[in-house]
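Hi,

Here is the structure I said I would pass on. Have a look at it first, and my notes come after.

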Amino acid sequence: PDGSRQFAEDYVLEDFVTAAARVRANELGITSVGHGAGATLRFLAATVQARNVVEIGTGTGVSGLWLLRGMQPDGILTSIDIEGEHLRLAREAFLEAGVRPNRTRLITGRALDVLPRLADRGYDIVLVDGATDEYSLCLEQSKRLLRRGGVVAFCSALGDDKVADPHQRDQRTIDIRAVVNAVRDDEDLVPVLLPLSGGLLAATLR
């Protein structure tokens, strides 16, 4: 029921700094992770005791703030965005939240140009929230980057409720559906698909 889904979505509320970052994102037309997905990302970061996390699609820092709150106190978030202005706003949000500057590494660039330069098996979590036409290639890179037991997560995995409908064949839906199926069918991954915040697809690497 919609009431229960909304209750789950709002079960863990965000703090003032994250809410302010969300407002800035909305002003720029950026879709940020919802409360439910954010809380799940914080939970996953705490569960795997994450020290090294890669985020594709910084936005104004909403998802980064959730991740940082779940990570170990000395953990480092590497966040990649093609827009320098997004990174500037995210940096401001991290400072407002009291995150030490040496805990974030913000990189301007295209994910598929940056990811190949990152270390094999060097990361606990990879969060993919960038261009959906790059999701499948980001999955390939994530499997290389993650340590065993690490987690890859994809935002907007239900594609505005189109992914579940086989009659929906627009390119964005096809791209998201492809990675949803690839994660499910990959024997190296243990997946889960959660109907929170537009869909959060996550999997741990065996």
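Predicted model: local features only at pLDDT ≥ 70, side-chain atom pairs only at ≥ 80, totals over all residues.

First, the helix pair. Helix 2 (residues 16-28) packs against helix 5 (residues 84-96) with their axes 9 Å apart and at an angle of about 165°. Since angles over 145 degrees count as roughly antiparallel, that makes helix 2 roughly antiparallel to helix 5. The crossing of these two helices is right-handed. On the helix 2 side, the residues involved are Val 17, Ala 21, Arg 24 and Leu 28, and they meet His 86, Leu 89, Ala 93 and Glu 96 of helix 5. By type, the residues of this contact are five nonpolar, one polar and two charged.

Next, Ser 63, which you will find in helix 4 (residues 62-70). Its relative accessible area is 4%, so Ser 63 is buried. The side chain of Ser 63 makes a polar contact of 2.3 Å with the side chain of Glu 55. Beyond its neighbours within four places in sequence, Ser 63 is in contact with Glu 55 again, along with Val 33, Leu 41, Gly 57 and Leu 127.

The other serine is Ser 142, in helix 7 (residues 135-145). Ser 142 is buried too, with a relative accessible area of 1%. Here the side chain reaches a backbone atom, the oxygen of Cys 138, at 2.7 Å.

Cheers

Technical notes. Residues numbered from 1 in each chain as written. Heavy atoms only, no water. Axes fitted to C-alpha atoms, helices over the stretch in contact; angles between N-to-C directions. Helix = DSSP H or I, 4+ residues; strand = E, 2+ residues; numbered from the N terminus. Parallel < 35°, antiparallel > 145°, perpendicular 65-115°, else oblique. Left-handed = near helix turned anticlockwise from the far one by under 90°. Contact = heavy atoms within 4.5 Å. Nonpolar A, V, L, I, M, F, W, Y, C, P; charged D, E, K, R; others polar. Buried < 20%, exposed > 50% of the residue type's maximum accessible area, 1.4 Å probe, protein only. Polar contact = N/O pair within 3.5 Å; in protein donor to acceptor, adjacent residues only side chain to side chain.
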